[in-house]
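Please open the structure in the viewer and keep the selection tool at hand.

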Amino acid sequence: MKTTNSGSATYEDLGKDGKGHVSTGSGALSDQPYGFNTRFEDAAGTNPEELVAAAHASCFTMALSFKLAEAGFTDGKVETEAVVTLEKLDGGFTVTRSALSTRGSVPGMDQAKFEELAADAKANCPISRLLNCEITLETAFEG
């Protein structure tokens, strides 16, 4: 199985004063504003790190859902937040971390099994495999 997806971005007036727009091929995002002010000054709009965080959280959550199903569980809920850190290092701005925090509620499962499957999903979801930074995982389980 193979899929391809697309996104696009424009940026006008260049540098700090520039303004951009980002869209996804599916149309889920369409001409969403981004720029220096949305990335570093909390202006309305999005930024690449926020989009990576959403991609990582959704990819990991789906991967964990499939791991739970493969383990024989059919009912439950998984919620995940990803916090992506952008730092200025000697070589320039670098994404240095994606911190996943997930909460699961799966009737009939114990916490140890949940943590085992979550660690597997963290290591093997496609976005985790794409990122070349520290990826941490915190779990909460409600049985």
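In which helix does E50 lie? Select E50: the residue lies in helix α2. The model on display is a predicted one, and every stop below should be read with that in mind.

**First stop: E50**

Keep E50 selected and display its surface. The relative accessibility of E50 is 43%, so the residue counts as partly exposed, since the class runs between 20% and 50%. E50 and E79 are 29 residues apart along the chain, and their C-alpha atoms are separated by 17 Å.

**Second stop: E49**

Is E49 buried or exposed? E49 has a relative accessible area of 8%, and because this is under the 20% limit, E49 is classed as buried. To see what surrounds E49, select R39, V84, L86 and V95: E49 is in contact with these residues, once its neighbours within four places in sequence are left aside.

**Third stop: the whole chain**

Now select the entire chain and switch to a cartoon view. Four helices and six strands are present, and their order along the sequence is β-β-β-α-α-β-β-α-α-β. The C-alpha trace spans about 55 × 35 × 30 Å along its principal axes.

Colour the chain by accessibility. Of the 143 residues, 30% are buried. The chain exposes about 9,200 Å², and 49% of that area is supplied by carbon and sulfur atoms.

Of the contacts between residues at least 6 apart in sequence, 52% join residues at least 24 apart.

Then colour by charge. There are 12 positive and 21 negative side chains, and the centres of these two sets lie 4 Å apart.

**Last stop: the largest pocket**

Which residues line the largest pocket? Select T3, N5, S6, G7, S8, V22, S23, T24, G25 and S26, which form its lining. The space in this pocket amounts to about 280 Å³.

Finally, highlight strands β1 (7–12) and β2 (19–24), each of which supplies at least two residues of that lining. Strand β2 gives the most, with three residues.

Conventions: Residues are numbered from 1 along each chain as its sequence is written. This is a predicted model: local features need pLDDT of at least 70, side-chain atom pairs count only at pLDDT 80 or more; totals for chains, interfaces and linings use all residues. Side-chain values use heavy atoms; hydrogens and water are left out. Buried means under 20% relative accessible area, exposed over 50%, partly exposed in between (1.4 Å probe, protein chains only). Contact means heavy atoms within 4.5 Å. Accessible areas come from the Shrake-Rupley method with a 1.4 Å probe; for residues, only the protein chains shown count as cover. Lys and Arg count as positive and Asp and Glu as negative; His and the chain ends are not counted. The place of a charge is taken as NZ of Lys, CZ of Arg, CG of Asp or CD of Glu. On a 1 Å grid over the protein atoms alone, a cavity is a set of points where a 1.4 Å probe fits but cannot get out, and a pocket is an open set with protein on both sides within 12 Å along at least five of seven lines; lining residues have an atom within 4 Å of a point. Grid points are joined across faces, edges and corners, and a volume is the space filled by probe spheres set on the points.
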